[in-house]
Amino acid sequence: MTRYGSARRPPQNARWWLLVLLAACLGASGCSGCRQDAAQNAAGKNNASKDEDAKEKDDEDEEKKKIPDFEITPLTPLLSESIVETEGGQSLALAKPGHWTATSQRMKANADDLEARTILEVLDSKGEPQPLPHTPYDLVSSRPAVLAKGQEKRIEAGLLIPDQSGRFQVEARLERASGSAVREAPPPASWRAMPSYQYFLVVLAAEPAQYTFLKVTNSVRAPWESSSGRYALHYRVVLADGDQPPPLPSNPLEWTSVAQLWWDEPNLIRISPEQQQALVDWLHWGGRLVINGPDSLDALRGSFLDSYLPAYPGKAREIGSADLSELNDTWTARERGRVVSPLAPTKPWSGIELELRDGAQRVPGTGGLLVERGVGLGSIVVSAMQLAQRDLVNWPGYDSFLNGAVMRRPPRVFRVEQDQFFTGLEVDWFNVADHRLDAYFTTPLRWFARDAGAKANARDEPVPVDPQAVNWGMAGGTGETRTVVDRAGGMGAWSEFGDVASAARAALREAAGVRVPGAGFVVGCLAIYLVVLVPFNWMVFHALRRIEWAWIAAPIIALLGAAAVVHQAQLDIGFVSSQTEIALLELQGDHPRGHLSRFAGLYTSLSSTFDVEYDQPTAVAAPFPRDEEFSLGFGDSYSTVAFEKYAETKLRGLAVSSASTQFVHSEEIHPLEGAVRLTTATNRMRQLENRTGYHLSDVALVRREADGTLLGCWIGDLRDGNVTIVSFRPISSDPKSVPFAEERQAAAEKAAKSGEARLNVEDLVKVALQFPDDGDPLYGGRAETRLVARIDGALPGAGPEPAVSQSTGATVVLAHLDYGPLAPPTPDANSPSDVMPAGEVRDAFEEDQGSDLFE
């Protein structure tokens, strides 16, 4: 039934479709706007992000523009890296004049990898290359500089410093492999030449700051307080962090400016094998190694120094006043002063017992608290206690103990002097006049090829009186003094006119050049030529029934004969070159490495340029002056010679003009198969053993006793691997008498009769037979046994390019077989407190500690 008056209800599914349609309409209109707003917001954010990225990129580009392609520090001497002394706000770059010096320069490539080379050169006051004295050359040093992008690298190179004083400049250029220069290279660096008597004292310690006190000890600063200055520093103290790579050269020939090395628990891993070997070589030629304290000795077990140590570390001990009695008895007494206060520790010190090794001895006057052992010419001393502890350092006798027992220097005397302007403390060597600035006293190093017969004093002498100047009231009157320096580089300087160099130069002048064939050779060649040309030629073609061919063969035979003569005479029709080498090989004890000094002459008949190549990485080389009278000819100019350390070591670019000879001086540490040893057989007979790998001729042994008595033994030939009995007999100690000169003359005549060509090296042998005299305060009166011999021919390891057609040489061998003990250490004659009021001494000490003079 249908109801009227009521509304009609739609079906249920229809309502749902209406709702869906309504939602679709709403979505098609209002929601699309929402999406547009969201998209716009997202686009805005993206654009802002892009702007920020672009800004950051621009900032990065600006920063990159600010970073140079290369960062290069100024060139400094390697040993000066750890010296923080300043002058006028600038670091001091210190180097010994006349010494080969290890240099250091830090580099970093920021843009890309770099393959380049660094070139070092010393400049004169005008900024021009400084020529080598007495030669037509200037010398540069060069080595590779290969840098990886972003990694800092320290480039080390060796450089020969000229003999000069004051300041000088060293230029370090950086050149790419293409030859173009790197513009970021710093300007030439300003260096200072150290005085002749001054050397480095290097401290290698885990806590180097503990050793700052060394800088203000009188043993180091050598007070000389006058109107001209306060100190004559004997040493520059290098405080090196033992946990960092040490500032030690890798070449022992660059250690010549290091007198003492103090050792206190450095990290052995930081010391490279090359530095370790260089240290051992340095010891054998006189270096003094001070091993401090109880812990360092134990840390060296099994190390590269183990076989040279003077003692084994024993059990721990406490050191009290009773253990210091001998130390007090020896070092508190004074010959010219009061007895200083005895050493009394505030509490017992920590120490160890020292168990002596073979060849070691307790240092006299130390109660066994110091033990030392000789290593070749050098020595190692080790202490049972810490040498830097406060009680010991504050002891009034410490500086005398440091000077005499630890550093092994002669005794001193203190005084107060007054001039018209100043009154101050001065120190000098006791009972030795006018040698307070003598390098013989400040360094124990002795390199025979450089130091034999050398004087190394710096002294004040009166200015010669000029009567005319006096009359006019000008300088030159009485009372004025001037400083005279015997040798700017002191001991160990590169020597071109010393005793060894002069003897080698004389031998080169006599032997260098082309060997002209003798008359016998010419007559023999002529006879053979005539026999072949006439009868033999005629017989051959007569047998062939072709006599007319003999005329055709004649010119051919003549040409072949001429070629044979040229070959036999080593004469290449005017294109002649030759090399002559005179050398000295110095050996120390059982050490299987020798210091080889070569003096070579290169001759050419036509102008040539030679490169001399060396096998040993320790080699250093420079042109050698022909005489002291050299002067550059009119219109001539200096040529540049480069000492290069690349894959090979070379002296490159030695220009030799036609029909002339140029000399080269090189030195190296030459490895041997073994040593020359003087031993005692089971029957107690002395015997000499040769394990060097070379045949020794004209062998002579000479022993000097401590009282100056000479003993000798002539052996003659001693082949490699042979052993011979030694029997010494007294020989003349007259300085004009040369031991075994007659025996060497007989050996030379025998060689000449057998047709053996031997170079005359008698002058060099005479030098090798000279012992240190009383002018050497460390070794002048020391007993020593040495061997002097010769090796006919040049030792391998050096040769010119291009190769020469003739080569000859001779090597003199000087082997220091053994040394007597050093003289007992002696305390100073007095102390500063004996000549100055105690308060003034203490005030001066505290003033120096607080000043930056040594910082």
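Beyond its neighbours within four places in sequence, Arg-436 is in contact (heavy atoms within 4.5 Å) with Trp-224, Ala-232, His-234, Val-427, Asp-428 and Trp-429. The structure is a predicted model, in which local features need pLDDT of at least 70 and side-chain atom pairs count only at pLDDT 80 or more, whereas totals for chains, interfaces and linings use all residues. Residues are numbered from 1 along each chain as its sequence is written, and side-chain values use heavy atoms, with hydrogens and water left out.

Arg-436 is placed in the loop between strand S24 and helix H8; helices (H or I, at least four residues) and strands (E, at least two) are DSSP runs numbered from the N terminus. With a relative accessible area of 18%, Arg-436 is buried, where buried means under 20% relative accessible area, exposed over 50%, and partly exposed in between (1.4 Å probe, protein chains only). Arg-436 also lies over the face of Trp-224, at 3.6 Å from the ring centre. For such an arrangement, NZ of Lys or CZ of Arg must be within 6 Å of the ring centre and within 35 degrees of the ring normal. A further case is Arg-786, whose charged end sits over the ring of Phe-771, 4.2 Å from its centre.

The loop between S24 (423-429) and H8 (439-442) also holds Asp-434, which has a positive phi of about 60° although it is not a glycine. Asp-434 is exposed, at a relative accessible area of 59%. Glu-265, likewise not a glycine, has a positive phi near 55° and is found in the loop between strand S16 (258-264) and helix H3 (273-284). Its relative accessibility of 38% makes Glu-265 partly exposed. Another backbone feature is the cis peptide bond from Glu-801 to Pro-802, with omega near 0°; Pro-802 is in the loop between strand S41 (798-801) and strand S42 (806-819).

Helix H7 (residues 398-406) is mostly covered, with 9 of its 9 residues buried. Among them are Tyr-398, Asp-399, Phe-401, Leu-402 and Asn-403. Arg-408, which follows H7, has a positive phi near 60°. Ser-219, in helix H2 (residues 218-221), is buried at a relative accessible area of 0%. Apart from neighbours within four places in sequence, the contacts of Ser-219 include Asp-399, Leu-402, Asn-403 and His-234.

Aromatic pairs were assigned to rings of Phe, Tyr and Trp (its six-membered ring) with centres within 6.5 Å, planes under 30 degrees apart counting as stacked, over 60 as edge-to-face and the rest as tilted. The count by this rule comes to 16 aromatic pairs. Phe-599 and Phe-624 form a tilted pair, at 5.1 Å centre to centre and 55° between the planes. Phe-599 lies in strand S28 and Phe-624 in strand S30, so this pair ties together parts that are 25 residues apart in sequence. Phe-599 is buried, with a relative accessible area of 2%, and Phe-624 is buried at 2% relative accessibility. One aromatic cluster is formed by Tyr-211, Phe-213, Trp-262, Trp-331, Trp-395, Tyr-398 and Phe-401.

Strand S33 (residues 660-671) is mostly covered, 11 of its 12 residues being buried. Strand pairing requires that DSSP find at least two bridges between the two strands. S28 (residues 593-604) runs antiparallel to S33 and is joined to it by 12 bridges, with His-595 opposite Ile-669. S30 (residues 620-624) is also antiparallel to S33, through 5 bridges, and Phe-624 stands opposite Phe-663.
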